[in-house]
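This report covers side-chain contacts. It takes aromatic pairs and then charged contacts.

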Amino acid sequence: MNKKVVLSGVAVVAVGAFAYFAINGFPPTESGVQGTIGAAKRHQSDQIAKSDVVLDNTGLQDFMQSDVFDKIVKDPDLRAVFSNGALVQALSNGAFQKALENGAFQKAMENAALNQAL
């Protein structure tokens, strides 16, 4: 009989401890112990969807993956020309941009004699 009482008491204590840790968690965490080693609480978020990624200007990306861009980046002389302040100022000029869009100007720039002279 004594053995049954002891085993029953141990079983009640075990069930009580199990219930306590099931409710409060094991190991118990306290506030202010963020720097200590404890249970890992990982960030959980939704999977990324196609609508989350929006590409506005794909033309720039296409140019950066072209052979022309690769040659410009690797050629020190071309890099020096494109980093020249006067050229950057001329390219940002509205009148010069209109001239570049003009079909006659583009045709003239394709002329071999003009290219040789330049």
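## Side-chain contacts

The structure holds two aromatic pairs. In one, Tyr20 and Phe21 sit edge-to-face. In the other, the rings of Phe63 and Phe69 are edge-to-face, because their planes are at 70 degrees. Rings of Phe, Tyr and Trp (its six-membered ring) pair if their centres lie within 6.5 Å; planes under 30 degrees apart count as stacked, over 60 as edge-to-face and the rest as tilted.

| Aromatic pair | Centre to centre | Angle between planes |
|---|---|---|
| Tyr20 and Phe21 | 5.2 Å | 70 degrees |
| Phe63 and Phe69 | 5.5 Å | 70 degrees |

The model is predicted: local features need pLDDT of at least 70, side-chain atom pairs count only at pLDDT 80 or more, and totals for chains, interfaces and linings use all residues. Residues are numbered from 1 along each chain as its sequence is written, and side-chain values use heavy atoms, with hydrogens and water left out.

How exposed are the ring residues? Tyr20 is partly exposed at 45% relative accessibility. Phe21 is partly exposed at 33%. Phe63 is partly exposed at 37%, and Phe69 is partly exposed at 25%. Here buried means under 20% relative accessible area, exposed over 50%, and partly exposed in between (1.4 Å probe, protein chains only).

There is one salt bridge. It joins the side chains of Asp70 and Lys74, at 3.4 Å from N to O. The term means a side-chain nitrogen of Lys or Arg within 4 Å of a carboxyl oxygen of Asp or Glu. Asp70 is partly exposed at 35% relative accessibility, whereas Lys74 is exposed at 61%.
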